[in-house]
Amino acid sequence: MFQNQVVISRERRRFGRQCIFEDRNELMVSVHPSSRLRLKYIMGNPQNRSIQLSEVMAFSEVETENATFEERGMFHYEGGWPREVNINDEEQTMRHRKKVERDDAWGEEVKELIRTTMGTARQNNAVNIYNHFFDDLPYDMGRTICMPFKSRTINIFHDMWRPQRFMSTINWMPNNNKQLMTQYSNLYKLRRERRKMITDDSTNGSTNAFYVWDVENPIKPLYFYDSNEVIKCAKICPKEESNMIGGTYTGKVCIWETFESGYPTSRCPMEAAHRELCSSVVWVHSKTNTEFYSASLDGSIKFWDTRDLKMPSNEIFLEQQPNFRQDRQDAHGCTVLEFEYTIPVRFIAGSDMGCVFVGNRKGLNPVEMLMGCYPICAGPIRTINRNPFFVKNFLIVGDWRARIWCEEVKNRPSTMYVKKRTQMSCGAWSTGRASLFATGDVEGVVDFWDLLLNHNKPIYSINFHSPITSIVFQPGGHHLAISMANGDTHIMNMDEAMKKTTSKEKALYGAGYPINS
């Protein structure tokens, strides 16, 4: 078999010499212009074109599951023995000791143990650990020194539709701290804007649907509840979880079965509905767990029974000076309702004129039902939330202030308030601490206020750069759900100092505010 070989010979002294470059002009190729192509030449206008030469890459974030660690101590009465040695048998223990002492490394291990023990003993002898060294320091020293509060977003829930709809309210599911219900309002449909709504999963209802999520799974909701009309608010019965009520922007009230996704099982007719949007719904105490109230900006509060939605059982108007014969023109528009099961005869209503109405469910006429009207804010009341530890105290959020209010104090209904330069939109008491509450404003800032630490400024603030629509603490106070106008919901893990309350804190809060007694 023949092979082609090329042999290049070079002197050895020329190996490794440096390369010397020089500049010179040399014609390699000469292409003359073509007259045929010149005839086809067309003068074009200036054009801008962009060319992507790099690879297309995507950026994504993944929230991993949290790992819980615990530190536990163990008391050894007599430990360090192998499993096959019975510590109660003296002969076996003596035999094992002699076996260990014959080992060559045993002497070095004993020396290292003695060296460590003697160092610790000398430290204890040098300092008297039972002496009080700082008793002579002034009491006020160090009171302003504290560790900064921290919080972390553990999950973010996005709307299933794009562009994202307006987020109205959020609620934790009763008796299940790991599920969250997010309620969206399709304002594009109300404004009659021609927006093309797109979703990646068509099995999650129409553009009016709202969802129930698992806190640890922000990809796909567990259930969805749909409607032919845009939903303004919805709430699940805390005593009977199979029923859920909701109010629409047309003033109707609807009922859903919570155990399965779908449309409402019943709704009220148009002649029985509110004249304007249904701003709030609330379940009230009853033996059958079927009664609820609905409120609207038309000034009316209607009493309903889920077994018959053809007509409300009763209706009252929020008048400052109620009469036996009420007039809708004198009524305030109702923005929020509040009811506490531990006080079954009272309900609280907030109006768009900044007044708080105290109602009595056992009243037979409007004069007996509306027990009092108190002007609290200069604008519409956004939130009324009870303190879970002192149920007679309320947090009322409206205009630029958040007020602490009690229904039993007649001469001064508003005991104190905190204020900001931006308008507040929502607020909630902490379910883990008695003196802690949070507020959200229209600029996207969530502030945490502790009445035992500071009344003038919040102890901790977070900026989300989008208007806050609702904030709700998880039962137990470990997490906080924050909804924003852009359709996102953030689940935040609270700082350890914000989670749990103490008996001393309750006593200090009760002593600092006479209305609690």
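The model used here is predicted.

**Exercise 1.** Find where Asn175 is located, and decide whether Asn175 is buried or exposed.

*Solution.* Start with the place. Asn175 is in the loop between S3 and strand S4 (179-185). Next, take the relative accessibility, which is 69%. Exposed means over 50%. Therefore Asn175 counts as exposed. Last, check the backbone. Phi of Asn175 is near 65°, a positive value in a residue other than glycine.

**Exercise 2.** Is Ser470 buried or exposed, and which residues does Ser470 touch?

*Solution.* First, locate Ser470 in strand S28 (residues 468-473). Buried means under 20% relative accessible area. Ser470 has 10%, so Ser470 is buried. Now list contacts, leaving out residues up to four places away in sequence. Ser470 touches Ser168, Thr169, Ile170, Cys426, Ala481, Ile482 and Ser483.

**Exercise 3.** Which residues gather with Glu108 in a patch of negative charge?

*Solution.* Glu108 is exposed, with a relative accessible area of 54%. On the surface, Glu108 gathers with Asp103, Asp104 and Glu109 in the patch.

**Exercise 4.** Where is Pro163?

*Solution.* Pro163 sits in the loop between strand S2 (161-162) and strand S3 (166-172). The peptide bond from Arg162 to Pro163 is cis, with omega near 0°.

Key: Residues are numbered from 1 along each chain as its sequence is written. This is a predicted model: local features need pLDDT of at least 70, side-chain atom pairs count only at pLDDT 80 or more; totals for chains, interfaces and linings use all residues. Side-chain values use heavy atoms; hydrogens and water are left out. Patches are made of residues with over 30% relative accessible area and no salt bridge: like charges are joined within 9 Å, nonpolar side chains (Val, Leu, Ile, Met, Phe, Trp, Tyr) within 5 Å. Accessible areas come from the Shrake-Rupley method with a 1.4 Å probe; for residues, only the protein chains shown count as cover. A salt bridge is a side-chain nitrogen of Lys or Arg within 4 Å of a carboxyl oxygen of Asp or Glu. Lys and Arg count as positive and Asp and Glu as negative; His and the chain ends are not counted. The place of a charge is taken as NZ of Lys, CZ of Arg, CG of Asp or CD of Glu. Buried means under 20% relative accessible area, exposed over 50%, partly exposed in between (1.4 Å probe, protein chains only). Helices (H or I, at least four residues) and strands (E, at least two) are DSSP runs, numbered from the N terminus. Contact means heavy atoms within 4.5 Å.
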